[in-house]
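Let's walk through this model together, starting with a charged pair and working towards the sheet and its helices. Have a look first.

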Amino acid sequence: MAAENGGRAGYRDRVTERVVIVGAGMAGVQTAVELRGQGWRGDITLLGDEPHPPYDRPPLSKAVLLGAGDAPVDVRFDVDFGALGVDLRLGSRAQTLHAERRELDTDTGTVRYDHLVLATGAYATELPGTAGLPDVYPLRTLDDAATLRPVLAAGRDLVVVGAGWIGAEFATAARQAGCAVTVVEAADRPLAGVLPASVTAHMRHWYEEAGVDLRTGTAVAAVEPGAVVLADGSRLVAAAVVVGIGARPSTGWLGGSAVALDATGAVLADDRLRATADEVFAVGDCASFPSGRYGERLLVHHWDNAVQGPRTAAANLLGGDEPYDPVPYFWSEQFGRFVQYAGHHVAADTMLLRGDPASPSWAAVWLRDGLLVAVLAVGRPRDMAQARKLLPRTVAVDPALVADPAVPLKSAVR
């Protein structure tokens, strides 16, 4: 322990060294905050490719879209970068990494680093064949939300492509704004790649109750002026098309560098969030990491991962040796429901229901060899609060008690 503390103290004393953080989203900002909080005394340079001051993304799908009046909704992080001693450079896009000489080329010049943290996030997946088409929008950035806000205010007929989390959240906001909304999903049900059919079958009714026309099992064949043509021949009126079919790590600029990428394009980080190049770390949406807890490599595109990862990356950059093996967590507000998920499950895990999925409040619980591994809670915040305490402990539970919604989840522990 003394050697480790000495190593960390040594890093704190290197006041002439510079940490460069690429990406000014939640993961990048939190890394800067954590470095200072954990004792880094050297320079910190934070590069953001957008012109806006760093901001929080969750409010984009609701608060920014539905903000009243002409005044912009303030989603900026409450961080005084000057007081923190962080050199914030906006509108600076990374282009090439030269890890062998610890330099980074950007569109505004070359930046030297002693330690590098990659926090470039992810970009919205484009609907094939729609590049450059008017009235086709993603929803990932502040500019995206600002562009879509007057579209919703005009109450136009909208088509949303993708019935995942972001598609459902945008459809919710669009209905609140009075728009007619059709959601198109190539799979046979919402959230097909995330949750089992026994769960998502009931979510179809959420769309119906909200007055959203949900079309599943058919892909988009073409987008034309004022219309979307589906593979089954259907033609949908669409004054605007919003695409929510996923996101990909923003790592293309790392191609050919010493930083290895996995099959998804994410930075291949180890369990200390170190990349394959010397003194390079990676956090947030752009990085995958091996989970000992779940026995596989995870790529987590959620806010909580962008908060937790920087704590570990900062500690290890400062000379620590801390593993990163979190219990993933996220939430979604859609169609009047608060949906939360914690953990990670696979198809082979045993699923138990707590309550009726057709009711306003229920939960699904996944067990692996009798151990609690994941919980989905809809309108059951107490279940989720207890699950988030139990899941890190990898506890064994009584299936009969878990399946009884009247029994507190913590009381099902063996």
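Start with Asp 74, which forms a salt bridge with Arg 76, the closest N and O atoms being 2.9 Å apart; a salt bridge here is a side-chain nitrogen of Lys or Arg within 4 Å of a carboxyl oxygen of Asp or Glu. Both Asp 74 and Arg 76 are exposed (exposed means over 50% relative accessible area, buried under 20%, partly exposed in between, with a 1.4 Å probe and protein chains only). Before going on, keep in mind that this is a predicted model, where local features need pLDDT of at least 70, side-chain atom pairs count only at pLDDT 80 or more, and totals for chains, interfaces and linings use all residues. Residues are numbered from 1 along each chain as its sequence is written, and side-chain values use heavy atoms, leaving out hydrogens and water.

The structure holds 21 salt bridges. Another one joins Arg 89 and Asp 87 at 2.8 Å, N to O; Arg 89 counts as partly exposed at 30% relative accessibility, and Asp 87 is partly exposed too, at 33%. Then there's Asp 114 with Arg 112, whose closest N and O atoms are 3.1 Å apart. Here Asp 114 is buried at 15% relative accessibility, while Arg 112 is partly exposed at 39%.

Now for the sheet. It is open, with 5 strands in the order 3-2-1-7-19 and parallel pairing (strands are DSSP E runs of at least two residues, helices H or I runs of at least four, both numbered from the N terminus; two strands pair if DSSP finds at least two bridges between them). Strand 3 (86-90) and strand 19 (280-282) each have a single partner strand, so one side of each is left without a neighbour in the sheet. Strand 2 (residues 43-48) is joined to strand 3 by 5 bridges, and Ile 44 stands opposite Val 86 in strand 3.

Helix 2 (residues 26-37) packs on this sheet, touching strands 1, 2, 3 and 7, where contact means heavy atoms within 4.5 Å. Helix 8 (residues 303-317) lies across strand 1, strand 7 and strand 19. How do the two helices meet? The axes of helix 2 and helix 8 come within 8 Å and cross at roughly 35° (axes are lines fitted to C-alpha atoms, for helices over the stretch in contact, with angles from 0 to 180 degrees between N-to-C directions). Among the residues making the contact are Met 26 and Leu 35 of helix 2 and Trp 303 and Pro 310 of helix 8.
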